[in-house]
Amino acid sequence: MVKKKKKIEIIIPLCILLFFLISIASIYSSESILPSYYNNLHIKQLIWYAIGFIIFVFLLFFKNEKIVRHSKLIYITSIILLIIVLIIGQRVNNTKGWISLGSLSFQPSEFAKIGLILYISKLLNDFRFEQNITNKKELLLIIKIVIITLIPSILVFIEPDTGAVISYFIIAFILILISEIRIKWSILLILISIIVIGSLSLFYIKYPNAFIKVFGSSIYYRVFRIVDWKNNSGMQLENSIISIATSGLYGNNFNNLPIYFPEPYTDFIFSVYTNAFGLIGAITLIIFILLFDYRILNICIKTTKTINKYIIMGFFISFLYPQIQNIAMTFGLVPITGISLPFISYGGSSLIVSFIMCAFIMNAYNQ
């Protein structure tokens, strides 16, 4: 009997290779409008890519189930790191979200995504084997998942990092939605969310002074940026749009940004890339992002293990949400929430977490 050859997944690695080239080129180009002490950012990104790739290869030797057994420990560890960062964390751009390791630093809120996804996935997978599933059991599980999501969300909100908080809740909701928990609970969660957000929005609009007294001026300002983003675009967004608008069909090449805007190597990396490579470059990148996402979703659909479906869907949302948010905010289509573009923006934490997620996805494909 002829042994069937094992198929090798090449689309995801090829997309990551392209993202690597685009990331280094874009970060290098962004350095032209930054102070001289930022001139080594592309070198640091190279180092982070190397570290991420090593971790990626290392994780390929482990089955997902073996790692998921320790999901609670991973989750608890991520919570401890979030507490530590609030105590001794390094403040960058008024956000206390990084733990410094010499010349490098890492962001615990990024690693918390992995702990959250793995732990929720394990809970949902274990629930499948419950006997005599009742409304009470389903409700208790949902309450537990909400609490599990709230803990890191509150800690990250204090930093503050609103974008990460939004992503945590989107991930938790989608995992509940695709699970075997009855749809009525998802509808109830949506209604509760609408009531809470609506009530807070009404409180913010009708009684702004009372809102500040209850929640503080910092939270008021963050809500103001989201609610009134269309009327208060600011220099950052306006200059970003100018850099995109002047790129033309083929771009302006490297180190030729026409105007300065903050965070060109992280939040607004897409603007830098589009300015350098033009409309054709932007469309090419978006096509490969869509191909990358499609492949992940395809693996999620085809995998036979339910635990892998939950994990991959969680990671799929972890890629999809920041991709949409980051690119859309550079055009002023959505509020600016400080979310980086996976595999493209500068940042070791985001990059390593992205590689870890891809390792889980590749393991599920191999199984």
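# A guided tour of a predicted helical model

Of the 367 residues of the protein, 49% count as buried, where buried means under 20% relative accessible area, exposed means over 50%, and partly exposed lies in between (1.4 Å probe, protein chains only). This is a predicted model, in which local features need pLDDT of at least 70 and side-chain atom pairs count only at pLDDT 80 or more, while totals for chains, interfaces and linings use all residues. Residues are numbered from 1 along each chain as its sequence is written, and side-chain values use heavy atoms, with hydrogens and water left out.

**The whole chain**

Display the chain as a cartoon to begin. The protein has 14 helices and 3 strands; helices (H or I, at least four residues) and strands (E, at least two) are DSSP runs, numbered from the N terminus. Contact here means heavy atoms within 4.5 Å. Among contacts between residues at least 6 apart in sequence, 70% join residues at least 24 apart.

**Helices H4 and H5**

Select helix H4 (residues 71–88) together with helix H5 (residues 108–127). Two packed helices are described by the angle between their axes and the distance between the axes. Axes are lines fitted to C-alpha atoms, for helices over the stretch in contact, and angles run from 0 to 180 degrees between N-to-C directions. The axes of H4 and H5 come within 8 Å and cross at roughly 150°. H4 and H5 are therefore roughly antiparallel to each other; angles under 35 degrees count as roughly parallel, over 145 as roughly antiparallel, 65 to 115 as roughly perpendicular and the rest as oblique.

H4 passes H5 in a left-handed crossing, which is one where the near helix is turned anticlockwise from the far one by less than a right angle, whereas clockwise gives a right-handed crossing. On the H4 side, the residues in contact include Tyr75, Leu82 and Val85; those of H5 include Phe111, Leu116 and Tyr119. The residues of this contact divide into 11 nonpolar, 4 polar and 2 charged. In this classification, Ala, Val, Leu, Ile, Met, Phe, Trp, Tyr, Cys and Pro count as nonpolar, Asp, Glu, Lys and Arg as charged, and the others, Gly among them, as polar.

**Two residues of H5**

Next, select Leu116 in helix H5. Leu116 is buried, with a relative accessible area of 1%. Leaving aside its neighbours within four places in sequence, Leu116 is in contact with Tyr75, Ile148, Thr149, Pro152 and Tyr168. A distance may also be drawn in the viewer: the C-alpha atoms of Leu116 and Ile145 are separated by 9.3 Å, although these residues are 29 apart along the chain.

Now select Lys113, which is also found in helix H5. Is Lys113 buried or exposed? With a relative accessible area of 10%, Lys113 is buried. Apart from residues up to four places away in sequence, Lys113 touches Ser167, Tyr168, Ser318 and Met357.

**Helices H4 and H6**

Tyr75, Ile79, Leu82, Ile83 and Leu86 in H4 meet Ile147, Ile148, Ile151, Pro152, Leu155, Val156 and Ile158 in H6. By class, the contact has 12 nonpolar, no polar and no charged residues.

**Helices H1 and H14**

Move to helix H1 (residues 11–30) and helix H14 (residues 348–366). H1 and H14 pack at an angle of about 165°, with their axes 11 Å apart. They are therefore roughly antiparallel to each other, and their crossing is left-handed. Ile12, Pro13 and Ile16 of H1 make the contact with Phe355, Cys358, Ile361 and Met362 of H14.

**The largest nonpolar core**

A nonpolar core is a set of buried Ala, Val, Leu, Ile, Met, Phe, Trp, Tyr and Cys residues joined through side-chain atoms within 4.5 Å. Which members of the largest core touch the most other members? Of its 81 residues, these are Ile12, Phe19, Phe292 and Phe343. Helix H14 gives the most to this core, with 12 residues.

Select Phe292: beyond its neighbours within four places in sequence, Phe292 contacts residues including Ile12, Phe19, Phe343 and Cys358. Then select Phe343, in the loop between H13 and H14. Phe343 is buried, with a relative accessible area of 2%, and its phi is near 70°, a positive value in a residue other than glycine.
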